[in-house]
Amino acid sequence: MMGKEPLRLCSNEVFEDMEHEVRKAVEALLTRIEGRTAMDETLAPLTSFRVGGTAAVLVEPVSEADLEVTAEIIKLTGMEVLMLGKGSNLLVSDAGFPGVVVRMAKGFEQIREVNSSSVEAGAGTSLPQLANWAARRGLTGMEFAVAIPATVGGAVAMNAGAHGADLSGVLESVRVCSLVEGRFSEVPARSLEMGYRSAFLGEGNLVCAAKFALTPGDREEILDRMRQYRTHRADTQPAKAPNAGSTFKNPDGSTAGGLIDAAGLKGFEVGAAQVSHRHGNFVLAGTGATAQDVFDLMAHVQSVVLKSTGVTLLPEVRIVGEFERSSSLIVS
Ligand SMILES: Cc1cc2nc3c(=O)[nH]c(=O)nc-3n(C[C@H](O)[C@H](O)[C@H](O)COP(=O)(O)OP(=O)(O)OC[C@H]3O[C@@H](n4cnc5c(N)ncnc54)[C@H](O)[C@@H]3O)c2cc1C
């Protein structure tokens, strides 16, 4: 369990606008949360791009009781809520997020064998850790996930996938907390309408845990497949600079990386953000990069590819908060 940090004075404009009493009430509610809480907390270190501003409130719940209190805060303030896992698919604006960020980590990291072919993992569990756990027990189905730097919750929300498989192929059900109503429910995977890098969870709904159906298989073959996937990744993807994996979704019939490469954009830079020389669909946030640099680079790439091919590349990376010239990037 993480140690509790003292609340810092919050400069976020949301709180400047708020009634003094409301702010006091929020502070009082935060003291009832066992996990780490903070106000005006910098989100950059909590995302793989390592850029972006602060969250008005950050909660790292360690129990469902903590989530109930978080729901009270949201109800009281009407603030927006953002679910956060490892932040490996998020671009948070330099202005930050003027709401409550709920980060699933410690306290929601347990893996439990339900029966010989079914496993339940907390939303904060690392996906590669779950894949390795399954492999050690000779269970097949999770190999594809071995090098996706996700939490289970973030992977469900994104229907993360690789090597021709994705989470929808193994997901049975999820335990969901409505942070709007403070209610918990079990939701079968089929209700999530999972598609290519998408799942329908509904507004304010947080994945607390997920159940997966796996199949007994040959342990050595499973481990070998995972080794191959790791090697393939090391051979094809940039390892060093902060990034969020694939920036754009692959359009029907082609790959985003191929189109970006054909448009001559590899190595193109805006500020300290750069299209990777190694993989056209990776945007790298170099030293000193701002979220706005990354955003502007994405908008430029999208516009050049649209002009040269007629294809609109839609971001796979989720955009959080306000950016300058927001309309220059088409997000859906
Ligand atoms: C080097 C690298 C390689 C990558 N390779 C792949 C790959 O091969 N395949 C792939 O699919 N992705 C890949 N990604 C992208 C990323 O890892 C996935 O999208 C992953 O699913 C994000 O998980 P996360 O826990 O980091 O979620 P976050 O980035 O924190 O959040 C992503 C989305 O999920 C929501 N979310 C997070 N947690 C919860 C929760 N508990 N309940 C409800 N909603 C939640 C967030 O609000 C957000 O909308 C890669 C990223 C990097 C940096």
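**First stop: Glu 322**

Select Glu 322: setting aside neighbours within four places in sequence, Glu 322 is in contact with Ser 93 and Ala 95 (contact means C-beta atoms, placed from the backbone, lying within 7 Å). You'll find Glu 322 in the segment after β18 (318-320); helices (H or I, at least four residues) and strands (E, at least two) are DSSP runs, numbered from the N terminus.

A word on the ground rules before moving on. Residues are numbered from 1 along each chain as its sequence is written. The model is predicted, so local features need pLDDT of at least 70 and side-chain atom pairs count only at pLDDT 80 or more, while totals for chains, interfaces and linings use all residues.

**Zoom out**

Show the whole protein as a cartoon: there are eight helices and 18 strands. The radius of gyration, taken over C-alpha atoms, is 20 Å, close to the 20 Å that the globule rule gives for 332 residues, so the protein is as compact as a globular protein of that length. That rule is 2.2 Å times the number of residues to the power 0.38. Along the principal axes, the C-alpha atoms fill a box of roughly 55 × 50 × 30 Å. Colour by burial and 45% of the 332 residues count as buried. Among contacts with a separation of 6 or more, 67% are between residues 24 or more positions apart.

**The five-stranded sheet**

Next, pick out the open sheet, ordered β6-β7-β13-β11-β12 with antiparallel pairing (two strands pair if DSSP finds at least two bridges between them). β6 (111-115) and β12 (183-188) stand at the edges with a single partner strand each, so one side of each has no neighbour in the sheet.

- β6 and β7 (residues 118-122) run antiparallel, joined by four bridges, and a hairpin links them through two residues.
- Arg 112 stands opposite Glu 120 in β7, and Glu 113 stands opposite Val 119.

- β11 (residues 171-178) and β12 pair antiparallel over six bridges, and Ser 173 has Pro 188 in β12 as its bridge partner.
- The two form a hairpin with four residues between them, and Gly 182 in the turn has a positive phi of about 65°.
- Of the six residues of β12, zero are buried, so β12 lies largely in the open.

**Last stop: the ligand**

Which residues come nearest to the ligand? Of the 31 around it, those are Gly 85, Ala 150, Gly 153, Gly 154 and Gly 245 (near means a C-beta atom, placed from the backbone, within 6 Å). Select β3 (81-84), α5 (152-158), β9 (161-162) and β13 (205-213), which each supply at least two shell residues. The largest share, five residues, comes from α5.

How values were computed: A residue is buried if 20 or more other C-beta atoms lie within 10 Å of its own, exposed if 12 or fewer, and partly exposed in between; C-beta atoms are placed from the backbone. Two residues are in contact if their C-beta atoms, placed from the backbone, lie within 7 Å.
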